[in-house]
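Please work through the following exercises with the sequence and the 3D structure at hand. Each task is followed by a solution in steps.

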Amino acid sequence: MTTTMTLAKAITSGLDKVLETNDKSLLMGEDIGRLGGVYRITDGLIDKYGEHRVIDSPLGEAGIVGTAVGMALRGFSPLVEIQFDGFVFPAFSQITTQLAKMHARSEGRLTTPVVIRIPYGGGIGSIEHHSESPEALFAHTAGLRIITPSNAHDAYWMIQQAASCQDPVIFFEPKRRYWLKGEVDTGTPALDAFKAQVVRPGTDATIVAYGPLVPIALAAADAALEDGRSIEVIDLRSLSPIDFDTITESVQKTGRLIVTHEAPTFGGLGGEIAARITERAFLSLEAPVLRVGGFHMPYPISKVESQYLPDIDKLLEALDRSFAY
Amino acid sequence: MTRAATEATEPDLIQILTPDGQRQSHETYDAYLGDVDDDMLRGFYRDMALTRRFDQEATALQRQGQLCLWVPLRGQEAAQIGSGRATRRSDYIFPTYREHGVALTRDVSFSEMLRLFRGISGGGWDPRENNFHMYTMVLAAQMPHAAGYGMALNMEQRGWDEARRAKEGNAVVAYFGDGSSTEGETHESMVFASSFNAPVVYFCQNNQWAISVPFEVQSKVPLVNRAAGYGMPGVRVDGNDVLAVLAVTRWALEHARSGKGPVLIEAVTYRLGAHTTADDPTKYRMSEEEAQWAPKDPLIRLETYLRDNNLVDDTFFEQLSADADAMAAKVREDAMAFPVPPLAKSFEQVYAEAHPLIQEELAWHLEYEAGFADAAEGEH
């Protein structure tokens, strides 16, 4: 059955499905109960499932993730919400030293299937610490899986796939796309959450994007068509692991690759993708892999954030450079 | 740093066995010692002596270069045996990295425990077998886990009345130290546990020193006073008195188990040795202080009590000493014989589910290593 819904509503519906089908699952976070979360992603779920499964937690991110680890050790499957990207750092130690390593430290005996939902990214005209993209900091940590949907259908299914995964999953939600409407087929599961997807086929160059920038990449591909360039767009979907096979296959066909993310270019996932693709498809490349990302600065003040964020023009400029090489 | 402000609010110290081995009665806690007979008393001494002997052997193994590190517990045996023996096997324990005595009460094999320190495992034992979690090196990281585990127990026990909870319910013990008491996660854990009435007993072994920093730097007030700030009861107990620790922990577990929420216990003890084998206490504390604590040794006072009451004779100690030596020899032998798992094993343990990067890197690693084997063969 196909329904039109916003990306936000698709996550809500996905969470509803998780709570309905797994009685060991529960939601926890700041303001997620009565209020339904600052973005209302958990709206209405406390009424349906009760305070013991939709828990308004005290205000402490280390406590939220740390108690979720404890619950998981007892056989529960918590899905916790961190209110904003820039607020995850008090929980950084719990995520990287505890959650990520529990399976390895216990020699595979213990699993901690915790899902951490984090609204991320900028472009919403907000104040500091509300617009960040910290995904690379987590991708560098073995033991975690990191996924991010870019559309409603994926959001509905990927949150469920995250919940059923035995490894800890960080689920980055592209907050500026919460209100993006799309068709959700609740009868047909999305592609495996840990695979990339070609969302627009093309022959002349490849753009890899994820989360909030996928619609931008698609728009850039449309614009490039006016110049007679056929651009393939890949929605990465999974940031750890990264589906290098899908990217490699595309680049072997197109010969050119642009990787874009809102996170700073330096030390970002674009660098990892560039290096891997250079190794895997060196002889297919017609130009160096180019990156279009944020600058090496704290996320800027909102009045100038549009000059910081990758947009259609920056992608077209990068395509020009790639084709000119 | 002044102590004047804190002395005014100095809380009671629960004590059953005085440092000179005299048993006192206590109106609240005697009720929690009703079943303690002569055999149990001898058993507690035996537990403490075996733990100390193990600790001594592990320290020696480290000094001989056989362990990466060792974390001695000498002086804290009563706090650990008393609290560990108060738990039910179905209760879950989150230790720090120094709970070797608690481990003994949970039947975690001493040999297995050395796997972590020998550098052949990131954990060492199966936490599920003994409900005794892995050691945690990141200070206080285990504290919110304990609160969450307790919250999970509450979910399982929803709708149970107090009587059923007291009988069948489980509880959690979160061990920590005076140093960890400062960590934010300790605070957050206590807030969560208190707000959600989680059945958690917070057991602090205040051994007076966080490596080289004295307790006064961690807190201007006695640690137990903090309990009031979280809305939970707090009890201060002589941590070198195995009977008092047993009684107080039993009371606390009963309180937590029956649904009344968490409890904080401060067991006042003293780390007679170094923080770890990498530490040198002569650089930061006076030998006079160590001399002051030496007569309060938990083993000495129980030995005095046992001898004064004719519950043991020399044969008991001779036999125990022989058993302890045999145990130590076995532990040493086991530790030296542990096979070193290949790095390939580590790849398998990173994720629970198949992961393409792991598979790719493992394949590369195996091929690379195999190249050396082929080269070696070629030389013959």
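**Exercise 1.** Determine which elements make the right-handed β-α-β unit that includes β2(B).

*Solution.* The unit consists of β2(B), helix α9 (residues 184–195) of chain B and β3(B). A crossover is called right-handed if, with the strands pointing away from the viewer, the path from the first strand over the helix to the second runs clockwise. Helices (H or I, at least four residues) and strands (E, at least two) are DSSP runs, numbered from the N terminus. The model is predicted: local features need pLDDT of at least 70, side-chain atom pairs count only at pLDDT 80 or more, and totals for chains, interfaces and linings use all residues. Residues are numbered from 1 along each chain as its sequence is written, while chains are lettered from A and ligands numbered from 1 in the order in which they are written.

**Exercise 2.** Identify the strands joined to β2(B), and state how many bridges join each.

*Solution.* Two strands pair if DSSP finds at least two bridges between them.
- Strand β1 (residues 92–94) of chain B runs parallel to β2(B), and three bridges join them. Here B:Y92 has B:V172 as its bridge partner.
- Strand β3 (residues 200–206) of chain B also runs parallel to β2(B), with six bridges. In this pair, B:Y175 is partnered by B:F203.

**Exercise 3.** Decide whether the residues of β2(B) are buried or exposed.

*Solution.* A residue is buried if 20 or more other C-beta atoms lie within 10 Å of its own, exposed if 12 or fewer, and partly exposed in between, with C-beta atoms placed from the backbone. Six of the six residues of strand β2 (residues 172–177) of chain B are buried, so the strand is largely enclosed by the rest of the structure. B:V172, B:A174 and B:F176 point one way, whereas B:V173, B:Y175 and B:G177 point the other way.

**Exercise 4.** Find which residues touch the most other members of the largest nonpolar core.

*Solution.* A nonpolar core is a set of buried Ala, Val, Leu, Ile, Met, Phe, Trp, Tyr and Cys residues joined through C-beta atoms within 7 Å. The largest one has 196 residues, and B:A174, B:V201, B:Y202, B:V248 and B:I265 touch the most other members. Helix α12 (residues 242–260) of chain B gives the largest share of this core, 11 residues. Two residues are in contact if their C-beta atoms, placed from the backbone, lie within 7 Å. Leaving aside neighbours within four places in sequence, the contacts of B:V201 include B:A171, B:V173, B:T249 and B:I265.
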